[in-house]
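Please examine the sequence and the three-dimensional structure shown here. The paragraphs that follow lead from one region to the next.

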Amino acid sequence: MRSLPVIIAGGGIGGLAAALALARKGVGSIVLERSAELGEIGAGIQIGPNAFHCFDSLGVGDEARAKAVYIDSLRLMDAVNGEAIAVIPLEEAFRKRFRNPYAVVHRADLHGVLLDACRASDSIDLRTSHAVTGYDQDGSSVRVRCEGRDSLAGRALIGADGLRSVIRQQLVGDGEPRVSGHTTYRSVIPTEQMPEDLRWNAATLWAGPKCHIVHYPLKGWQLFNLVVTYHNDVKEAVAGKPVARSEVERGFEHITPRARQIIEHGKDWKLWVLCDRDPILDWVDGRVALLGDAAHPMLQYFAQGACMAMEDAVCLGHMIGHHDDIETALDRYMRQRRVRTARVQLDSRLIGEYIYHPSGAAAEVRNHVMSRLTPDEWYDRLAWLYGGTGLDA
Ligand SMILES: Cc1cc2nc3c(=O)[nH]c(=O)nc-3n(C[C@H](O)[C@H](O)[C@H](O)COP(=O)(O)OP(=O)(O)OC[C@H]3O[C@@H](n4cnc5c(N)ncnc54)[C@H](O)[C@@H]3O)c2cc1C
């Protein structure tokens, strides 16, 4: 059964990275994507040095580096008094410590780099309009069911089908994701519309009571990415719904006008109600494994969901390359990845509560602690995350 391809459900960042990682080990794959076209939404994404290690492992380091904007700091601002709490430099000392930069990139560009590499590979078969509905396996192969189509046989199945993964529903069966009650609104604006005094070469976070704003430059400084989030305790999950600016502004009336004014410049706002899941220890069933958001969906507060999906892909390729027995390879992959990804899931919730959204005394404690850290102390605290490559637990 070694000659059968690995089937990958989902052609997002995780699924394409997995196909590339397998191709690098001489393993063929079929990527089944539900949508009629492969693509990503028009927003930005932050990529830590750990993701750059992955780009190199996947053979797309130069292409990814060419698309990135290299910010020079992570800037944490108090959204109530308008003052800087901390500025973490990302220049030479950071790059030396983590052997790679921290950058921001347009999602479509990042996805496009992976997609181009997949299209250039003879070992990867990309199929759109293929909605996977489930699987059966018999110890020697797996049959993957697709809506309105014949089933496909594979050596293994990787469920990279995102937050509402159907593969996870069969494998784990833990129902709908947890609705966090945090509503995120996204917009992208031309740089000339960004208030001039805020055009920082930084990923900037304005942290306020039950709300925050994130902005950073994109696409060679042509655009600014805006992500503003309001903890309004909504109960229903929503994804990508267009909303009026007045609705976005409602959650930010209590913060400094200097930060609030950013929202006025946004256009075509869309909203997402953020969801995650509790970490689980088992996401493999024989020849079937989960990857990326399907395995460990997290809140975005560490800006690491896509980075973790790429790390998963690198680790999966490594294990399949090292173990002839596919079930052993998938089991080793999951064991290697589960503690690290669970830590990012849990810590993302914690930093949402204690860094992004606190008020009163808790906000004072945040400011007191974080404003006193030196760059080296910041790097020490982040080393477990940014020093990773996908192959470390
Ligand atoms: C507001 C916000 C900001 C974020 N910022 C960052 C950041 O700065 N840095 C970072 O690293 N991460 C960030 N993330 C997280 C990141 O976007 C996700 O973790 C990442 O996109 C997950 O990739 P994935 O491939 O696992 O899943 P997805 O991107 O969800 O891809 C899943 C794919 O599977 C397809 N699919 C679904 N069901 C089926 C099916 N049944 N059959 C076939 N195909 C199917 C989908 O169409 C999709 O193409 C952010 C998330 C949010 C919400």
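Leaving aside residues up to four places away in sequence, which residues does Glu236 touch? Glu236 touches Val179 and Val273. The model in which these contacts are found is a predicted one. Glu236 is located in the loop that joins β15, residues 223-231, to β16, residues 239-242. Glu236 counts as exposed because its relative accessible area is 62%, and exposed means over 50%. A separation can also be given for Glu236 and Val166: they are 70 residues apart along the chain, and 19 Å lies between their C-alpha atoms.

Two further loop residues may be considered together. Arg99 belongs to the loop between α4 (92-98) and β6 (103-106). Although Arg99 is not a glycine, its phi is positive, at about 60°. The relative accessibility of Arg99 is 58%, and Arg99 therefore counts as exposed. Lys210 is placed in the loop between β13 (202-208) and β14 (211-218). Lys210 is likewise not a glycine and has a positive phi, of about 55°. With a relative accessible area of 40%, Lys210 is partly exposed.

A loop position may also be covered. Leu373 sits in the loop between α11 (360-370) and α12 (375-386). Is Leu373 buried or exposed? Leu373 is buried, because its relative accessible area is 17% and the limit for buried residues is under 20%. When residues up to four places away in sequence are not counted, Leu373 touches Trp378 and Arg381. Along the chain, Leu373 and Ala86 are 287 residues apart, yet their C-alpha atoms are separated by 8.0 Å.

Strand β12 comprises residues 178-190, and Thr184 is placed in it. Thr184 has a relative accessible area of 2% and is therefore buried. Which side chain makes a polar contact with the side chain of Thr184? The partner is the side chain of Thr229, at 2.7 Å. Not counting residues up to four places away in sequence, Thr184 touches Val227, Val228, Thr229, Lys270, Leu271, Trp272, Leu274 and Gln300.

Ser187 is another residue of strand β12. Ser187 is also buried, and its relative accessible area is 3%. A polar atom of the Ser187 side chain lies 2.8 Å from the backbone oxygen of Lys267. Beyond its neighbours within four places in sequence, Ser187 is in contact with Phe224, Asn225, Leu226, Gly266, Lys267 and Trp269.

The ligand provides the next point of reference. There are 30 residues around the ligand, and those that come nearest are Gly14, Glu33, Gln46, Arg107 and Asp293. A polar backbone atom of Ile13 is 3.4 Å from an oxygen atom of the ligand. For Gly14, a backbone N or O atom lies 2.8 Å from a ligand oxygen atom. Asp293 contributes through its side chain, of which a polar atom lies 2.8 Å from an oxygen atom of the ligand. On its own the ligand has 1000 Å² of accessible area, and the protein covers 86% of it.

Which elements give two or more residues to the shell around the ligand? They are α1 (13-24), β3 (44-47), β12 and α9 (305-322).

Helix α9 gives the most to the shell around the ligand, namely three residues. This helix has 18 residues and reaches 26 Å from its first C-alpha to its last, close to the 26 Å expected at 1.5 Å a residue. An α-helix has 3.6 residues a turn, so residues three or four places apart point the same way. Helix α9 is mostly covered, as 14 of its 18 residues are buried.

Key: Residues numbered from 1 in each chain as written. Predicted model: local features only at pLDDT ≥ 70, side-chain atom pairs only at ≥ 80, totals over all residues. Heavy atoms only, no water. Helix = DSSP H or I, 4+ residues; strand = E, 2+ residues; numbered from the N terminus. Buried < 20%, exposed > 50% of the residue type's maximum accessible area, 1.4 Å probe, protein only. Polar contact = N/O pair within 3.5 Å; in protein donor to acceptor, adjacent residues only side chain to side chain. Contact = heavy atoms within 4.5 Å. Near = heavy atom within 4 Å. Areas by Shrake-Rupley, 256 points an atom, 1.4 Å probe, with all protein chains shown as cover. Expected span 1.5 Å × (residues − 1).
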